Amino acid sequence: MLDFLGDLRRTHMCGVLRASNAGQKVVLMGWVNRRRDHGNLLFIDLRDRTGVTQVVFNTDRDQAIHEKAGALRNEYVIAVSGTVKLRDANTINPNMPTGEVELAVDELRILNESKLPPFLPSDTALTNEETRLKYRYIDLRRDVMQFNIAMRHKVAKAIRDYLSAQGFFEIETPFMTRSTPEGARDYLVPSRVQPGTFYALPQSPQLFKQILMISGFDRYFQIVRCFRDEDLRADRQPEFTQIDLEMSYPQAERVWEVVEGFLTAAFAAAGNEIKTPFPRMDYDEAIRLYGIDKPDLRLPAFTDVRDCFTPENLQELAINANLPVIAIRTPKVGELSRKERDDIKPMFHAKGGARVYEDFKRIGNKYPDAAAAIAKKSAIEDGDLIVLVAGSAQAGPQTAMPAHRKVTPAELAIYGSAGLLRLALAQKYAEKHGIFKKTGDAAKDYRFLWVTNFPMFEWDEGEKQWMAAHHPFTSPHDEDMGLLEEGVESVKDPQSTLSAVRALAYDVVLNGTELGSGSIRIHRQDIQSKIFRALGMTEEEAKSRFGFFLEALEYGTPPHGGIALGLDRIVMILAGAESLREVIPFPKTARAVDLMVDAPTPVGEKQLKELGISVKKLG
RNA sequence: GGGGACGUAGUUCAGUUGGUUAGAACGCUGCCCUGUCACGGCAGAGGCCGCGGGUUCGAGUCCCGUCGUCCCCGCCA
């Protein structure tokens, strides 16, 4: 027999009562978290989003209420009114914030029962994710999920408040928009009114926010859902939330200041202090020092130890002397067994002639002088592991494409392979060197970095042409306009000067994760046309894809630029979570399925017919 | 599209070289218990071993297929 809520009014949340509340009459409402039945004495831990309070029923106080409470089971929803009592000294629970008090009940209303849930929110052991996602409403009752979602709110609010205070307007842009075939696959929405045509869900509000600058809003931001129909990963969902912003008349540094400002506010909201300004690094330097464009600064950089060997040494080792010899130092790994050292080679994914050479210990036995020089140059300490990556002499010097870049493709192969191995080694020995901890002080070692001056174009080996590395609205570096001019007709030529054009693009990186990406945009129609031409697009093609935007550019577009950061990833890192699913209330599985609502589903023929769509049954 | 791991009670897991009736813990049900807080004690219920096929006298275990979840590569301007 269930009770109605009636006019009973909640006075306190379950997690807030303290010794100072003793003697007060209060009304609490929540879920039965745990029940401890001692016969004539019954304890209920009552839970809401703020925490848990112990509620006591005993026959001495009220026989009838005690009897009613006997029917309570886990996850029943109840209201209790009563008096806050100080606990006796010997019954205080120091492990809970409300552990000095308990509630002596005058009235119990059972507001709802619960079926036996597949798992209990109070369980410490984690249920498998499939069950958690199917019963997400129960999973979200767990304190960790409550904490993560609450943190998400606080972080978003801190960012919203900061940007508002800096003069940014929060402006909405359409979810039903135009498909642009570049980049990620679009999610499409069929139009009923215009049969055979489709809207696309935005991969980002890129062109709208640029148009808002053309429209004179000066500073725009939006915490906005974006959609990409690509395969998922632990850190990639098909719909995700971006902190998207754009501003007029900025240098890149002005954008960075804004980002550093709101990240400081966001991290403070989660109880963390971070230092600004963030260090900055050219793309080329990131590749040379870390072999990746999103370096994790918690790990040591590479050392080029080519000069530690004599030419004869290099020849004996079949190392290409024209390419760097990378020493990867992984700290505090300790003495490795023969087998552990053998296991390193299979972790290595060679690109274009790169080879992993004998580890430091083996080199040291054969070439003691070289080993001593390497140890000195790479500042090795006791227990550090050194692994060498170099170009294979057999594979040749690979000078087919010297190009105009500072890092040649042959070098890139070495750096890139070494970069992957560096991370694999760090991951493998993470426990020993204590770097990738998800909890405690080590988890709060936040190393931010701006990576700047990305190449404007990247050679696409499949298409045999240069493609936009960031997106085609990114401004080339002022100083590189000549190179663009020179290369504008040579999109199919791997030797084109396009390879040397730098973009005014920047990524903000945190501990090896790309948090966000932005650029100063092109605001002049003449430069925009050149970029499209350099990308091999005819005027007609450009017009049919982006005509509205190119036209808008011609009506007095101010210089502008901006950035977008992944809110989910920021919260994931702050929460110490391994997956975005831990910070998104209703996420999708690796096959992009929502297990709770069971989406996507087939739809009826009538619905399809209205949309002018016919689907042949598969199989 | 490719590679890998996993799937046994409501939940987390164990299950030997293929061999009688598939186990444990938690949870659940009933009884007992007035100071517990992961309460305790006694008793009990609960299994399409993901699904389908095959090998075998005999399959949770071996083989093939399939479905699902997770991780990675490709992909993500």
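Analyst: Here is a walk through the packing, then the aromatic pairs and a few strands and helices.

Two bits of housekeeping. This is a predicted model, where local features need pLDDT of at least 70 and side-chain atom pairs count only at pLDDT 80 or more, while totals for chains, interfaces and linings use all residues. Residues are numbered from 1 along each chain as its sequence is written, chains are lettered from A and ligands numbered from 1 in the order in which they are written, and side-chain values use heavy atoms, with hydrogens and water left out.

On to the core. The largest nonpolar core has 48 residues; such a core is a set of buried Ala, Val, Leu, Ile, Met, Phe, Trp, Tyr and Cys residues joined through side-chain atoms within 4.5 Å. Buried here means under 20% relative accessible area, exposed means over 50%, and partly exposed is in between (1.4 Å probe, protein chains only). The residues with the most contacts inside this core are Ile 326, Ile 328, Leu 385, Val 389, Leu 421, Leu 425 and Phe 457. H7, S13, strand S14 (354-356), S15, helix H12 (409-428), S16, S19 and helix H16 (525-534) each supply at least two residues of the core, and H12 gives the largest share, 6 residues. The H and S labels are DSSP runs numbered from the N terminus: helices are H or I with at least four residues, strands are E with at least two.

Take Ile 326 as a way in. Setting aside neighbours within four places in sequence, Ile 326 is in contact (heavy atoms within 4.5 Å) with Phe 302, Thr 303, Val 387, Leu 388, Val 389, Ile 414, Tyr 415 and Ala 418. There's also a second, separate core of 43 residues, with Ile 159, Leu 245, Ala 252 and Ala 266 among them.

The buried residues of H11 are Ala 370, Ala 371, Ile 374 and Ala 375. Because they cover an arc of only 135° around the axis, they sit on the same side of H11; that arc is taken over the directions from the helix axis to the C-beta atoms. Their packing partners are helix H8 (311-316), strand S13 (326-330), helix H10 (360-366) and strand S15 (385-391). Exposed Asp 369 and Lys 376 are on the face of H11 turned away from its buried side. After H11 comes Ala 379, with a positive phi near 55°.

Now the rings. You'll find 15 aromatic pairs in the structure. Rings of Phe, Tyr and Trp (its six-membered ring) pair if their centres lie within 6.5 Å; planes under 30 degrees apart count as stacked, over 60 as edge-to-face and the rest as tilted. Trp 256 and Tyr 506 have ring centres 5.7 Å apart and planes at 85°, so they count as edge-to-face. This pair ties together distant parts of the chain, with Trp 256 in helix H6 (residues 252-269) and Tyr 506 in strand S19 (residues 505-510), 250 residues apart. Trp 256 and Tyr 506 are both buried. Tyr 283 and Phe 454 make a tilted pair, 5.4 Å centre to centre with 40° between the planes. Here too distant parts are linked: Tyr 283 is in helix H7 (residues 283-290) and Phe 454 in the loop between strand S16 (448-452) and strand S17 (457-460), 171 residues apart. Tyr 283 and Phe 454 are buried as well. Ring pairs also join Trp 256, Phe 267, Phe 278, Tyr 446, Phe 448, Trp 450 and Tyr 506 into a cluster.

S19 and S20 are paired antiparallel over 6 bridges; strands count as paired if DSSP finds at least two bridges between them. Ala 505 has Ser 519 in S20 as its bridge partner. The hairpin of S19 and S20 has 2 residues between the strands, and Asn 511 there takes a positive phi near 50°. S20 also runs antiparallel to strand S21 (residues 560-566), joined by 5 bridges, including the one between Gly 518 and Ile 563.
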